[in-house]
Amino acid sequence: MKRLYSLLLGLVLTLPLAIPVMAQDQWADPQDAIGQLWSGRAPNGASHTFPVNQCDNWAALPQNVQAVSTQTLSGLVVPSVSATRAVVTNGLRQMAQSLHAYNVAQVAAGNFYPAAVNGPFAMGPAYWQGAVRSPHGNAVDHLPRIALGGLNTAACPNYAGNPNQQQTMDALDNLAGISNSQRWHCVAHRFSVVGGAAVPLTGYIEFTQQEYPADNQYAYANSDGRIVYDYVNNLVYFTPAHYRQWKKADFSMDMTGNYGCTPGGTCCDPFFKIVP
């Protein structure tokens, strides 16, 4: 009897170890996402040369930091994070790497949608149609201004019947003789009215961050994660906190209206540049 009791006690003590535990999100919330991305900023192994209190002082940054960062007219500096760093979520990595391999100069029909790369999603046309949003107006210059060159709306097809994302993008995919940059410009133009207001065409277009829920990456991806794509220069930017600046002191979002910062000088740029 004593032996049986000991055996049963041993089973009870080991049982909790056999129960699977739900994995925590890689990013717990926007503040955690910002902190993790900041910790992965370039230059790798020398991040101490880019202290958080210099995120709004381009001139103070050493040349090796300037070489891997982005200056903006707002005075804020956009840090770079490689898509290969462990701090980047699976869905964000997959979209960024697909765009990094994209050819914006391609004019042949049937090559508009970025190619699939390894990751949690099947990256067919439906993936991009579901993720695309509207042009990014860059109203407060948190990203660099883009020279649009020859991009224009005159090259866009007729939008009669108010085609949806699928219809608009499929039509552009079948249209030869214009570049992929021009195709994205046409998508941005088609969906440039947001809440009744026209968003200017700046060379940027927004995507919703795609994360597979069961992958436990970022519960706030759909509501707050936004990829902003420079379709002229093929560059990828990301904000985990829905375009809001964040505090130097603790990475928390600043809730000032119009994406500002209170008090002034206490915040960093909302964006991280996601590089190969």
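1. A disulfide here is a pair of cysteine sulfur atoms within 2.5 Å. Counting bonded cysteines along the chain, the pattern is 1-6, 2-3, 4-5. The structure holds 3 disulfides.

2. On provenance: this is a predicted model, where local features need pLDDT of at least 70, side-chain atom pairs count only at pLDDT 80 or more, and totals for chains, interfaces and linings use all residues. Residues are numbered from 1 along each chain as its sequence is written, and side-chain values use heavy atoms, with hydrogens and water left out.

3. Cys55 and Cys268 are bonded, with their sulfur atoms 2.0 Å apart. The S-S torsion of Cys55 and Cys268 is about -90 degrees, so this disulfide is left-handed. The pair links distant parts of the chain, 213 residues apart: Cys55 sits in the loop between α2 (30-39) and α3 (63-66), Cys268 in strand β11 (residues 267-268). Helices (H or I, at least four residues) and strands (E, at least two) are DSSP runs, numbered from the N terminus.

4. Cys156 pairs with Cys186 in a disulfide, sulfur atoms 2.2 Å apart. Distant parts of the chain are linked again: Cys156 lies in the loop between β4 (132-135) and α6 (165-173), Cys186 in helix α7 (residues 180-190), 30 residues apart. The torsion about the S-S bond of Cys156 and Cys186 is about -95 degrees, so the disulfide is left-handed. Cys156 and Cys186 are buried.

5. Cys261 and Cys267 form a disulfide at 2.1 Å between sulfur atoms. Their S-S torsion is about 85 degrees, so the Cys261 and Cys267 disulfide is right-handed. Cys261 and Cys267 are buried.

Definitions and conventions:
Buried means under 20% relative accessible area, exposed over 50%, partly exposed in between (1.4 Å probe, protein chains only).
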